[in-house]
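Hi,

Here is the structure I promised to pass on. Have a look at it first, and then read my notes below.

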Amino acid sequence: MNSPLSYVHPTGDSAWGTYLSQIDRVMPYLGPLARWAETLRRPKRALIVDVPIELDNGTVAHHEGYRVQHNLSRGPGKGGVRFHPDVTLEEVMALSAWMTIKNAAVNLPYGGAKGGVRVDPKRLSRGELERLTRRYTSEIGLLIGPTKDIPAPDVNTNGQIMAWMMDTYSVNTGSTATGVVTGKPVHLGGSLGRVKATGRGVFVTGREAARRIGLNLQGARVAVQGYGNVGGVAAQLFAEAGARLVAVQDHSGTLHREAGIDTHTLAAHVQAQGGVAGFPGASPLDGEAFWDTPCDILIPAALEGQISADRAGRLQARLLLEGANGPTVPEGDRILGERGVLVVPDVICNAGGVTVSYFEWVQDFSSFFWTEDEINVRLDKIMVDALARIWDVADLHRIPLRTAAFAVACERILMARQDRGLYP
Ligand SMILES: NC(=O)C1=CN([C@@H]2O[C@H](COP(=O)(O)OP(=O)(O)OC[C@H]3O[C@@H](n4cnc5c(N)ncnc54)[C@H](OP(=O)(O)O)[C@@H]3O)[C@@H](O)[C@H]2O)C=CC1
Ligand SMILES: O=C(O)CCC(=O)C(=O)O
């Protein structure tokens, strides 16, 4: 293929390269729908925006922001917004594509989208963060809307940022548009259960996978990379089920305690100190040694590309639950398969967040709100049923769960593409 667009031929283990290799692997299972598969290799549209803000010291700083709508065949775009100093267009493209696959894998009526701003939010004051969020929202206002594309939290974004996004969009359009973002505070049209939903989904898929391979959660050793929204909640739910957190890592440090780390005290420490480093209830460990820690379940819940070929060859777990998006590079994935490590892939494992985002969006449209129990029961059922369907396809073709999840999702996406046709 001869294309001036660099995204068609990414290099190395970039997130977009990882995604494209996952598409390559699903091709033999698409039958006649393979005719439409090229559409999955190209984002439908990508917007790059300049986000200027006045800093507290009076200077003006410019930040690059993105919103990518990878595919809208099954419904409006849906996916989070990331604030991180390493965010790139190519990374947001990959994250938006994984949203397309994820939303279809759990059968939500959405396409896939994602956004990001290249900024270190930890260096901004609250006022600077609010100005950045509002300006970014206005800039991507061309694309977003309750029936067009609905952002949500991702790394370094939260309910407060969603509240500012909702307010900015509402002011700009002269309406109260609660349905323009999900992951909002509950008193502003948010849903009960959304904050914990991604970690809960990781736990539910992990519980089901463990049951199927005969791994008892009682006493199981869990290692978690990233103790934020996803990793922190998943660790707490596994601990409540009788497992013990033996190792944890974030940017600030790595901790180990064979007898188990108290997940609630650690969460309070992270909240107060900004990271796991210095937590008195465990011993510090060298960062790379995290990947050699004896454990039964490993949960990468930080960023992409963490499980390299080398780490895949060393890690000790029987079960790998991808809380993060894209944590495993293709060669790492191949090695894990050879070593018999069961990988529950991101596109199903961390789909609990977007599932409860969908519940939030539905509740906003009807202005009728559900109880937390109703939400958790429905979430559990959707995750269990989606995993069961993917497991059946994996068994049928003797393929990894990731390829099976892509097969289920791509069939739904490409059927929609085929039936809608190409021309307006
Ligand atoms: N929030 C959601 O609903 C969803 C999130 N996800 C995915 O889950 C992952 C985590 O997101 P979320 O929990 O929301 O983000 P948070 O910002 O809440 O937490 C991210 C965590 O990852 C840690 N981290 C970041 N970089 C590194 C690194 N290089 N090494 C070790 N730890 C690191 C952070 O530590 P530190 O603060 O020290 O940098 C922090 O503990 C992402 O891949 C995200 O896309 C997927 C589905 C939904
Ligand atoms: O809740 C959502 O809409 C999207 C969450 C997200 O960004 C993700 O699943 O990666």
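This is a predicted model: local features need pLDDT of at least 70, side-chain atom pairs count only at pLDDT 80 or more; totals for chains, interfaces and linings use all residues.

**Aromatic pairs**

The count of aromatic pairs comes to eleven, where rings of Phe, Tyr and Trp (its six-membered ring) pair if their centres lie within 6.5 Å. One of them is the pair of Y19 and F406, which is tilted, with 6.4 Å centre to centre and 40° between the planes. On the wording: planes under 30 degrees apart count as stacked, over 60 as edge-to-face and the rest as tilted. Y19 lies in helix α1 (residues 15-26) and F406 in helix α13 (residues 401-420), so this pair ties together parts that are 387 residues apart in sequence. Helices here are DSSP runs (H or I, at least four residues), strands are runs of E with at least two, and both are numbered from the N terminus. Y19 and F406 are both buried; that means under 20% relative accessible area, with exposed being over 50% and partly exposed in between (1.4 Å probe, protein chains only).

Residues are numbered from 1 along each chain as its sequence is written, chains are lettered from A and ligands numbered from 1 in the order in which they are written, and side-chain values use heavy atoms, with hydrogens and water left out.

Back to the rings, with another pair. The centres of the F203 and F238 rings are 5.0 Å apart and their planes are at 75°, so this pair is edge-to-face. F203 sits in helix α5 (residues 194-212) and F238 in helix α6 (residues 229-240), so the pair ties together parts 35 residues apart in sequence. F203 counts as buried at 12% relative accessibility, and F238 counts as buried at 1%.

There is also an aromatic cluster, formed by Y110, Y358, F359, W361, F365 and W370. W370 has a charge over its face as well: R378 lies there, at 4.2 Å from the ring centre. R212 does the like with W391, at 4.7 Å from the ring centre. For this, NZ of Lys or CZ of Arg has to be within 6 Å of the ring centre and within 35 degrees of the ring normal.

**Ligand 1**

Which residues come nearest to ligand 1? They are K122, D154, T198, A302 and N325, out of 25 residues around the ligand (a residue is near if one of its heavy atoms lies within 4 Å). By class, this shell divides into eight nonpolar, eleven polar and six charged residues. Ala, Val, Leu, Ile, Met, Phe, Trp, Tyr, Cys and Pro count as nonpolar, Asp, Glu, Lys and Arg as charged, and the others, Gly among them, as polar.

As for contacts, an N or O atom in the side chain of R82 is 2.9 Å from an oxygen atom of ligand 1. Taken alone, ligand 1 exposes 890 Å², and the protein buries 87% of that (Shrake-Rupley method, 1.4 Å probe). The elements that give two or more residues to its shell are α5 and α6.

**Ligand 2**

Ligand 2 is surrounded by 14 residues, with K78, G80, K102, K114 and S357 the closest. The shell has three nonpolar, six polar and five charged residues. Polar side-chain atoms lie 2.6 Å from an oxygen atom of the ligand for S357, 2.7 Å for K114 and 3.0 Å for R194. Taken alone, ligand 2 exposes 300 Å², of which the protein buries 95%. Two or more residues of the shell come from each of α2 (89-105) and α11 (352-366), and α11 gives the most, with three.

**One more side chain**

Is D149 buried or exposed? D149 is buried, with a relative accessible area of 0%, and lies in strand β6 (residues 149-150). Its side chain makes a polar contact with the side chain of R67 (2.6 Å). A polar contact is a pair of N or O atoms within 3.5 Å; within protein, one must be able to donate a hydrogen and the other to accept it, and residues adjacent in sequence count only if both atoms are side-chain atoms.

Cheers
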